[in-house]
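This report describes the structure shown below, beginning with a strand and its surroundings and then turning to the aromatic side chains and the confidence of the model.

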Amino acid sequence: MPGDPNCPHCHGVGYLRADVPPGDPRFGRLEPCVCRMAEISHQVHQRLFALSRLSELSHLRFETFQPQGRGGLSPLQAQSLSAALNQAQQFAQRLEGWLLLMGGYGCGKTHLAAAIANFAVEHGVPTLFLTVPDLLDQLRFAYEAEDTTFEERFEEIRNATLLILDDFGTQNATPWAQEKLFQILNYRYINRLPTVITTNLSLDEIEARIRSRLQDPELVTRVIIRAPDYRRPTSDMGHPELSSLDLHADQTFETFTLREEEELDAEARRSLKQALETCQKFARHPQGWLVLTGDYGCGKTHLAAAIANDQARFGDPPLFVMVPDLLDHLRATFSPSSTVTFDRRFEEIRTAPLLILDDLGTQSMTPWVREKLAQLFNYRYDARLPTVITIAADALAELDMRIRSRLLDERLVTTLFISAPPYHARKTTQRKKKKSP
């Protein structure tokens with residue numbers, strides 16, 4: 001296509017031969033003249049928009065994003081959504097570096113990614129918005145396309161001024177797919193090209209080469225959205241079908257006793273008092289992990305349930321579940337009659353704003369159980385999600401090494417050992433003494 005006939009550089013030809021020495025990769029190549037750059041940019045802009053899904057997502061804008069969700073959100077969830085919206089808006093204004101949006105299904109990741117794309121397109125930025133499976137399909141189709149080659153399509157994708165990859169991790173992870181994704185992201189990483197990625201995966205689940213790029217704090221801003229699925233009724237937010245908290249409704253801080261009537265030694269009494277005070281403080285501001293350990297019946301479950309009941313009283317119902325029951329809930333999703341998929345159920349559990357796991361270590365440790373528990377703990381560890389765990393003292397050594405290493409991280413985990421003897425056993429002994437002549 002000819003250029004501007006009045007152009008002093010190409011005199012209307014539209015192209016110039018690169019003035020570079022022999023040996024330079026551009027030696028002998030024709031390159032578009034500056035008089036055609038605006039037109040070429042417009043063509044690229046139109047072509048990328050045609051490849052994108054943005055025509056279907058034009059309603060997903062910053063103005064239509066609801067940082068308060070559909071109502072009934074906990075303060076932690078609302079704060080997470082507001083922070084994510086703020087980060088997305090800042091990125092859209094600057095278009096520098098990478099933005100990684102992480103979180104469960106339906107939490108708003110795609111809405112924010114599409115809002116960035118729509119904002120950029122309106123400001124004339126050539127933008128490509130694709131789910132990762134669609135991106136790979138675009139590359140596969142290019143092998144047989146008549147209007148383009150695979151190489152041209154590949155260059156178009158990896159050089160897009162702004163590339164937004166939605167649903168990273170849902171693609172079929174064939175060696176070819178992994179290699180193409182790495183080539184695209186590595187190119188953009190080296191050249192510091194603006195990129196947005198949304199994913200349901202934790203970093204541990206992402207291919208190692210790509211994970212190393214996503215962990216670069218100088219380039220990547222990582223945002224973890226801790227909110228429920230927008231598309232689900234608010235009545236489901238407390239996970240009533242999973243939680244066993246109703247069985248512990250009477251176990252509150254008010255009903256927890258320091259057992260003054262018993263002849264406890266000073267260390268046992270001190271451990272009970274410290275555990276109560278620490279749990280009350282945690283309930284007010286759940287942060288980090290809290291591990292309650294000691295003999296069976298020493299009060300661990302009561303304190304864990306008290307934290308859950310305290311949160312529920314203020315409208316933030318956590319997920320409180322015995323570990324064996326949690327695993328049964330996961331296995332139940334494999335039934336043909338199940339109304340929820342395993343992925344959906346597991347995502348609900350691992351992204352719960354506050355997860356309380358009672359009786360860790362009492363489950364049967366099959367390879368499947370070890371793997372699922374390791375994935376659960378790794379996700380919450382990476383995301384720094386508030387978690388309470390009760391475990392018998394003699395069960396700690398039996399845990400999978402991957403889980404045990406997380407529980408030993410004192411930067412995140414506070415461990416409380418309750419040295420008091422079993423409460424029920426102590427009461428039985430006292431009753432027997434009273435009956436003795």
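A residue is called buried if its relative accessible area is under 20%, exposed if over 50%, and partly exposed in between (1.4 Å probe, protein chains only). Helices (H or I, at least four residues) and strands (E, at least two) are DSSP runs numbered from the N terminus. The model is a predicted one, in which local features need pLDDT of at least 70 and side-chain atom pairs count only at pLDDT 80 or more, whereas totals for chains, interfaces and linings use all residues. Residues are numbered from 1 along each chain as its sequence is written, and side-chain values use heavy atoms, with hydrogens and water left out.

**Overall composition**

The chain has 14 helices and 12 strands, and buried residues make up 51% of its 437 residues. With a contact taken as heavy atoms within 4.5 Å, 77% of the contacts in the chain between residues at least 6 apart in sequence join residues at least 24 apart.

Strand β6 (residues 195-199) is largely enclosed by the rest of the structure, because five of its five residues are buried. In a regular strand the side chains alternate between the two faces of the sheet. Both faces of β6 are covered, with Thr-195, Ile-197 and Thr-199 buried on one side and Val-196 and Thr-198 buried on the other.

Two strands are said to pair if DSSP finds at least two bridges between them. Strand β3 (residues 98-103) pairs with β6 in the parallel sense over five bridges, and Leu-100 has Ile-197 of β6 as its bridge partner. Strand β5 (residues 162-168) also runs parallel to β6, to which four bridges join it, and here Leu-165 has Ile-197 as its bridge partner in β6. Together with helix α6 (residues 175-190), β5 and β6 make a right-handed β-α-β unit; right-handed means that, with the strands pointing away from the viewer, the path from the first strand over the helix to the second runs clockwise.

**Aromatic side chains**

Rings of Phe, Tyr and Trp (its six-membered ring) pair if their centres lie within 6.5 Å, and planes under 30 degrees apart count as stacked, over 60 as edge-to-face and the rest as tilted.

| Pair | Centre distance | Plane angle | Class |
|---|---|---|---|
| Phe-150 and Phe-154 | 5.8 Å | 15 degrees | stacked |
| Trp-289 and Tyr-381 | 6.2 Å | 80 degrees | edge-to-face |

Trp-289 lies in strand β8 (residues 289-294) and Tyr-381 in helix α12 (residues 367-383), so their pair ties together parts that are 92 residues apart in sequence. Trp-289 counts as buried at 1% relative accessibility, and Tyr-381 is buried with a relative accessible area of 12%. Phe-150 and Phe-154, by contrast, are four residues apart in helix α5 (residues 150-158) and are therefore separated by about one helical turn; both are buried. Elsewhere, Phe-334, Phe-342, Phe-346 and Trp-368 form one aromatic cluster.

A charge sits over a ring if NZ of Lys or CZ of Arg is within 6 Å of the ring centre and within 35 degrees of the ring normal. Arg-209 lies over the face of Phe-182 at 4.1 Å from the ring centre, and Arg-213 lies over the face of Tyr-189 at 5.5 Å from the ring centre.

**Confidence**

The predictor's confidence in each residue, pLDDT, runs from 0 to 100. The chain averages a pLDDT of 83, and 82% of the residues score at least 70. Over residues 233-238 the pLDDT is below 50, and this stretch has 11 contacts in the model beyond near neighbours in sequence.
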